[in-house]
Every structure is written in structure tokens, then in C-alpha cells.
Amino acid sequence: MEETVPSDTITPPEDLTPDEKRSLLFNVSCSLEILMKDFDKDWWPLVSNIWTQWNSHTQVNGNVRKVFACRFTKHRVSSTRSKENIPNEKRRVTKIRPSKICNAKIRVWWLVSLKIVKVERYNNSSEHTHSLLESDRLKRSQATRTLVEKEAVKNYSPPAITSAIKEYASKLGLGASVSELKRKEVANIKYKVRGPMEAHLTCNSGLRSDISESVSFLIEKGYQVENYCVSHQSAKTTKGFVFAHPKQLEKLQRHGWLTLIDSTHKTNKYDWRLFTLYVRDTYGSWDVGAHFFVSNEDCDTVSEALKIIRSKCRQWSPRYFLLDQSGIEAKGIKKAFPGISAGEQQCDVILCVVHVMRTWMTKIYDKKTRDIMNAAMHKRTKALWARQHSPLLLQVTSTNPLESYHNELKRLTSFSHGLIGAAHNIINVDCKKRSESEVTAFDFHTKKISAYGVDNDIIEEIHKFPFPLQRLLVEEARAVMSRI
Ligand SMILES: [Zn+2]
């Protein structure tokens, strides 16, 4: 049959929104003529979910004619696997989509010499028997998928990506088309996009090679690493490795007088625990002193790791360890730092006030008892006595800074990450912490305050002090001046 190119056509205006373009290509009531480059780039990706190719024909002159049927046409009946020899109880519950719901068809011409595309209704085909929204529920258009892919690369959570896309798409005039976008689809697309990017973080060749990969990666990044294992009486062994950057060990040595210690799980698929030592420098910045991974959290493993860190950092002489209520850590510390009994400096364990209070408060229901216990704790605890006599300990009463370090780390990790993935993430957060504390130290000496309403000669005097003091002094100066 000889087919002709239709003659009665309209050219849509150029300033249509994507949603308007979609509705023109959904219900094709008259023939449309669109520049080929616009059609392929800006029109078709918007409706790729609505239409599926029915047939295609290339003419001698290079023109291409394709017929598309509505996705709801689905002329083949879904297989129910009834002929296969699978017992009924072993069959998966699946969904099938009924066929022949809609018979809408369009014909599209790519007219190569004219560089235009013509879209027309196919031989008196019927209207859609459903709305555009229902087509969008069935499948996403390429345009929507592209939007999701662009956002997914940025690696935030699927719900956040979904809401960002909905907001962004409505600005693009694509709001109607993404209204049916589901979080689960976003999660799937994200996995497709991010999966290959994160291959180096997963390590699928077993724990042994994961460990050796992680160790060599850390060494390559300048960290000191030491593998160790501890055998227990039960013939079980616990494995682990200690790692620290020389800059971190330097901080531990200089500021480790008070050391925070805490562990976190869920940073890798083996659920090896990550322990971190955290110290505060003279400028008030918290930073990492050392890390260690252990396959199992027990007193001997913790103590062994601390001994290794101590051997790498001989001048580190902690007077106080601050930790949340972990008996394992406390015992491990006592073993690694026996104190006066071994002819060394005494080392005390202080428990995090926040954690202690939390536990107490959950166990004591009677208010009067709570108050009494509370008062008793603040009066009698030896560690708290020490705290009342030390300006630094008065300021540092909880492991919260270290907890927020671990939380920052966990925002980067996923269940699929191996130890190598955790190592990558730890190095990233470590670098950030180090540079933050360097900035604070730099500001401490070089930053100059400017304050409106304080005389210049006073400000110049104030500039002779470190930055944090300048701030206090300016407030004082302002208070004095407002009184004059
Ligand atoms: Zn249809």
C-alpha cells in the first residue's frame, strides 16, 4: 500500500511547557509538524512511557515511518507460567497486566530531507480509554528518568531525591509527569546509577582480601596500620587492625591527656566495630587520635588495640578516658593502662554524663528517688570530683563530639560497603576534620575582629589577642561603652 505524508498539519508554538507538549503527543487530534532535532531531544523523551513501537519502515529516500501503540494495548496476554511444571505452593505471587485495554495508535514520520518530524493519528485509531496520569503510573518517561539520574548521582536519600525532583520538575513545567514518581523507583534508579560508582567500595572477593585491600589503601594514604588478632580461651579469635595518620598520633600525644573513646557499628557489611579515639586541641577543635576495627567487641581486643596505639605513640599518656557506659571499654582501658599499680601515671575512666543520666533516668521511675540519686552522683562520684577541680574536664562532660563524628561517617556508608568502603569514608571525614581544625588554629592567630561601635584604637589593642578572646573582649568593650 502506498502511503503518503499528510498535508493538513499544524506547527506547535515554540514556548510550550513540557506538560503541554506531553498532552499534544498523548491525544493526537491533528497532525503535528516539529523540527527533527527538537522532536528527538525535547518532545519524544517526554512521552516515551506512553507509546511503544508497533512497527517501523525505512523508505528508499531515507525517511522513516514508525507506528506506535499505547502501552496499554499490550496485545500479548501475560504468561501465567501455567504450563511449567512448578508445584502451586512454590510459585511466586506475581502480578499480571490485562491486555488490550486501549487501542490508541499514532504514526510518526522522520522526514530526513526536510529535517522535520510529523506526528499523526494512525488510520482512525480510537482515543485512549484512560488518562495520561494512568500512563504515567504504568511507567516513567525517559525525561523523568533523566531527571532522577541527574539527582541520584549526588547520593542523597531516595525520599529526598523524590521530593527534590517533584519540586524541580514543577518549575520546569513537568510537574504533572512526575506526580506519580515513587520512592522505590527512585531507589532503583539510584542503585543503577550509583552501583558502578561504588564498586570500589564494596569488595566482593571475601573478608580476607577486603582486609588486605583496606590495609594497603590506608598505607597508601599515609596511615600507619597494624593488623592483630587475639585468641580467647574458647578457641575463638578476634581479628582487627589499628590505623592512624601521623598527624593524628601527633595530636594524641599532645592533647591525649583527656581521650574520648567510642565504638560504632553499621559502617561495613561484616559489621566489624569501628573504635575511634578523639582529642581536643588547644584551640578547642576536636579531632581523631586513632581508629581501630575489630571483628568482635571484647575487653581483650580493646586493650590489645590500645596497647598497639600506645606503642606507636609512646608519649601518649592519658590521664582520663571519657566514654559512654561500656563495661568492655572500661575494662580494656584498665588493662592497657594499669596506672600507679604498674608504676605509671594514674589513668581514670570517666563516664559520659549524658549516657549515665539516660540510663539512670530510664531505670528510676520515682521522681524523689531520681532527685536523690542525681544529687548523690554529682557529689560522690570520684570522677566528678576530679571534674570539679579541672577546668578542662568541667567543659567536656560527654562523648557527643565523637558521636557526631561517627554519625557524619555513617551518612556516607551503606550496608553493601566492605571494610575498604568504610576506609574510604573514614579517610574523607578525617581529612575534613583535620582541615577544619587547621582553619581554627590559623584563625586563632590571624583572624581580626571588626566591630561596629567600638573605637578604632581599642579595636587595634584587641587585635593583639587570639581570635576567640577578641570576641569576648569586643563584647566587654561594647558593654562598657554603652554604659558611658
Ligand atoms: Zn491508551
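Which residue stands opposite Thr237 in S8? In this predicted model, the residue opposite Thr237 is Ser231. The two strands involved, S7 (residues 224-231) and S8 (residues 237-244), pair in the antiparallel sense over eight bridges.

S11 in turn pairs with S10 (residues 273-280), in the antiparallel sense and over eight bridges. Here Arg280 has Trp286 of S11 as its bridge partner.

These strands belong to an open sheet of seven, ordered S7-S8-S11-S10-S9-S12-S13, in which the pairing is mixed. S7 and S13 (348-351) are the edge strands, each pairing on one side only. From one strand to the next, the twist averages 25°.

H17 (residues 400-410) touches S9 (258-264), S10 and S11, and its direction makes about 35° with that of S9. H18 (residues 419-446) lies across S10 and S11, running at about 165° to S11.

Elsewhere in the chain, two helices pack on each other. Such a pair is described by the angle between the axes and the distance between them. For H4 (residues 142-152) and H5 (residues 158-171), the angle is about 125° and the axes are 10 Å apart. H4 is therefore oblique to H5. The crossing of H4 past H5 is right-handed. H4 contributes Leu147, Val148, Glu151 and Ala152, which meet Ile161, Ala164, Ile165 and Ala169 of H5. Of the residues in this contact, seven are nonpolar, one is charged and none is polar.

Conventions: Residues numbered from 1 in each chain as written. Predicted model: local features only at pLDDT ≥ 70, side-chain atom pairs only at ≥ 80, totals over all residues. Axes fitted to C-alpha atoms, helices over the stretch in contact; angles between N-to-C directions. Helix = DSSP H or I, 4+ residues; strand = E, 2+ residues; numbered from the N terminus. Parallel < 35°, antiparallel > 145°, perpendicular 65-115°, else oblique. Left-handed = near helix turned anticlockwise from the far one by under 90°. Contact = placed C-beta atoms within 7 Å. Nonpolar A, V, L, I, M, F, W, Y, C, P; charged D, E, K, R; others polar. Pairing = 2+ DSSP bridges.
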